[in-house]
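Thanks, everyone. Let me put the model up and walk through a few spots.

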Amino acid sequence: MINITSTLDQLLLNDNDLLVGHKKNTKTEQNKQEFENSEVFEKTELVTIISDTTNNNQASILDTKMGFIDTENHQIFTPEIESLGIKCDCPMCNNVVTFNENSPQNAITNSTTPQESNTVYNPSIDALLSGYKWTNNQISYSFYENDVFNGTYYGSETVSEVSEGVKNNVKTIFNWIEEVTNIDFVEVTETANNIGQIRFMLSNGPGYAYAYYPTSTSLFSVSGDVHLNPSYDNTSTTNGFQNAAGKHGFMTLVHEIGHTLGLKHPHDGTTTLPTTEDNITNTVMSYNFTGNSSGTYMPYDIKALQSLYGVKEHNIEDSIYQFNNRIDQFTVNGELYLNTPNLTKQTIWDTNGIDTLDFSKLAVNSAGYHFDLNPGGWLINNSADNGDYYNSGTSLAYNVNIENLINSTSNDNIIANSLPNKFSGYFSNTFTGNDVIYSSNSQDILDLSNYSSSTITQTQNVNDLVLSLSNNGSITIKDYYLGEQINLLWGNIASLSINDVTITEDNNAIFTVNLSQASSNSIAVNYQTVENTAIAGSDYNSNSGTLTFATGETSKTITVQLLNDTNKEATENFYLNLSNVTGNAIIADNQGIATIQDNDAGISLNNVTLSEGHSGTTNAIFTLNLSQAISETVTVDYSTANATATAGSDYQNSSGKVTFNPGETTTTISIPVMGDTITESDETFVVNLTNPSNASLINNQGIATIKNDDISLPSIAINDISLKEGSNKVAGKTTNFTFTVNLNQASNQSITVNYATADGTATTFNKDYTAISGKLTFAAGQTSKTITVKVAQDTVSEANETFFVNLSNASNAALSDSQGLATIINDDSSSTKPPSKSQIQESQIDILTGTKKADTFILGDKNQSYYNQFGNDDYAVIKRFNDKKDSIQLNGNSEDYVMGVSPYNSKDSAIFSESNNDLIAIIKGSHELAFNNSNSFTFI
């Protein structure tokens, strides 16, 4: 650890944005392209700033900026604290790493024995949690806009826009995250006073990429910002950020977004992952790049993100995951996920339904496949299995339950999970390989219905059962003779199945159990009810026993008694499970679902909207509805309550009891609303329902909205200001910028409105002005108020700058113009004087602003040119000029003009007259224009 002390006034912090330098250690071996797991990223080196100021809650500056490495140029990069000049140059942080994504490390070509376990592993996620997260689940994001910010940035980096390719990849990643967590990502189009919580930009900060943790909710904060080195905004190298999934550049975006959501590197801090687990097969936050790059978040990442933002239900119906040719790609019910030409890793997230993995269309693989159905299991080819990681393939997320598997035509190692599994895909006319099934039990079914038992040779090999499928391969069932035995479904053996039922709670649930064919001997099966959302003893009576089919019988029923009540409630369900069959049969479907629909009456209350009137009273009539007619009398109490309307002045306080006679389903409540001639905002009150009898409450509150029907509300508007900033050399000297807020008409009541300043090109960070906020109050009869903002004077020659005063939350009035624009006019001299600058009068500047379409800026036609028509004291400022589609029209030809640098800002271009060096125009943000560019200039 490197500690650097500093007094507090040396630390330029913004809204709790905390800084850290961050590097990783690697080792390399000569004459080897691969590196061993134990030799990669063994230690974290942090650079921490410690303040020596007492009573300071920023005494320890924590790590909030995390990076990633460029694998192709063999360098490890770190975010530096550039404003303080702090950088760690120790040897550990300057070692290199070699990486070849097309030649996965430590490849094993003949691994056929899976890691067998009867216990589902559930990893700790503490090693991935930074301690930071966003406070709500709707998270905005944006992409830095050159046209809006023109290179300005609140951090220490110099930034610019990312490409459309990067934007598309980011949106793809966000869409994927929304399918596994309760996060709702909302894209924000950037404006001068609005950006996303997560923000993407090209930047001179990282050697490759880094991102800031979600440490602050302040609008203009580096919190959540992602910085990408512009050298990699391409597809030309494997590190390019525009690449599709399966390349390091795409995984880097996944990794950096993980930081912006609160995930850390698993090798950082005091809580870390074991070396054997710290790799990108488990988490994209790892620096151990094992095999091909991950195209999605991996099982550890999903578990960590869900712990922060909640679990999203996804693919809740029965789903079929079809693997077509490749084990690292699949369709879900026909829809292709993660379409990429690159070999990659990805993860399946599924929350409900009876789900099937279908490998029947996979390409034949001589090494065979490994299919582990347990949560966290791997679906890979055997040659990709490197023990602690795999090269390419698919993982199951934790808490994912898969019931069925259809095998491939290669040699498959299949590991059953704790659910009732059905293994199928074995046909008498198809070679299906030499498969091995691990961890099966008596709940599982091996579907051999395309065979008869007499055509298959059954052999005991120690504890295993080996089924020879003649020329079609074989199936080995491991430990078949040691414990509960898998059910073998032959073509000539009967199978039992149970149906699902849907009933109302005033009936009984009657299940039907069917036998697929009549048997010559008696068959028995056990049954047992199991709670789900319906509870035994309150919704139904539990039931269990043994169902027996006599010789020749194929159908039997089981009745479960339901318990009727008068509570209005949601639909509920319970299960009836079959188990332990005896006789010549197996269980093909072991669970019936009973869905109980409510039959009770429920009361609901509507909302109403009405005009108050100018005098007397008008009734607000609420309608109460009973969901169904019943034979009993139904009653419910009601009472009114204030919202923004006040009882006694806006409406009459009321309470009482409402009665539905037998058979009635509708009645009303009338509440008197008082008329007046006061101009005011719309107001509301509520009617609450309580104490129902013989029914329940579906909706217990109705809202009455009283519309103002008097003279229209006054409107509020704020003006714009343009003033010179002042050039006093005395520190702290300011110029008052006074905005006027006007009502278009006087009101007979008090009016309030909130106000707050907001940055434009002028910022509080640069101390251009002092931010203020507050509330204006117009007393009855007043129509004008002022707001004064202090603007700092200086002697620096700079471009004109802007800031805003925004109005919000007006009461008893409407906002017609809610934003005041302040333009701070530079009045200082430049150290580099432009030609004929003494002739320029800034009060004559014309601002021309482009649109998103192709624009032509006309500065001259056949008869006149801009400078001699409008005078030597005039020039144009062209904003949002797009040199790919916009053009500037000038009189004459290119020899009449000189292209140079703006006298006000070296980042801007300027056009001067050749004859007298007069300034014609400034083109903002364009500093590489030339007259020989026919797309940018035309001459008439």
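At what angle do helix 2 and helix 3 pack, and how far apart are their axes? Residues 164-178 form helix 2, residues 248-260 form helix 3, and they pack at about 55° with axes 10 Å apart.

Before going on, the ground rules. This is a predicted model, where local features need pLDDT of at least 70, side-chain atom pairs count only at pLDDT 80 or more, and totals for chains, interfaces and linings use all residues. Numbering starts from 1 along each chain as its sequence is written, and side-chain values use heavy atoms, without hydrogens and water.

Helix 2 contributes Val166, Asn169, Val170, Ile173, Phe174 and Ile177 to the contact, and helix 3 contributes Phe250, Leu253, Val254 and Ile257. Contact means heavy atoms within 4.5 Å. Nine of these residues are nonpolar, one is polar and none is charged.

Next, serine 294. It sits in the loop between helix 3 and helix 4 (299-309). Beyond four places in sequence, serine 294 touches Met251, Ile280, Val284, Thr344 and Lys345.

Last, asparagine 441, in the loop between strand 22 (434-438) and strand 23 (445-448). It is buried too, at 16%. Its side chain reaches the backbone nitrogen of glutamine 443 at 2.8 Å. Leaving out residues up to four places away, asparagine 441 touches Glu484, Gln485 and Ile486.

Technical notes
Axes are lines fitted to C-alpha atoms, for helices over the stretch in contact, and angles run from 0 to 180 degrees between N-to-C directions. Helices (H or I, at least four residues) and strands (E, at least two) are DSSP runs, numbered from the N terminus. Ala, Val, Leu, Ile, Met, Phe, Trp, Tyr, Cys and Pro count as nonpolar, Asp, Glu, Lys and Arg as charged, and the others, Gly among them, as polar. Buried means under 20% relative accessible area, exposed over 50%, partly exposed in between (1.4 Å probe, protein chains only). A polar contact is a pair of N or O atoms within 3.5 Å; within protein, one must be able to donate a hydrogen and the other to accept it, and residues adjacent in sequence count only if both atoms are side-chain atoms.
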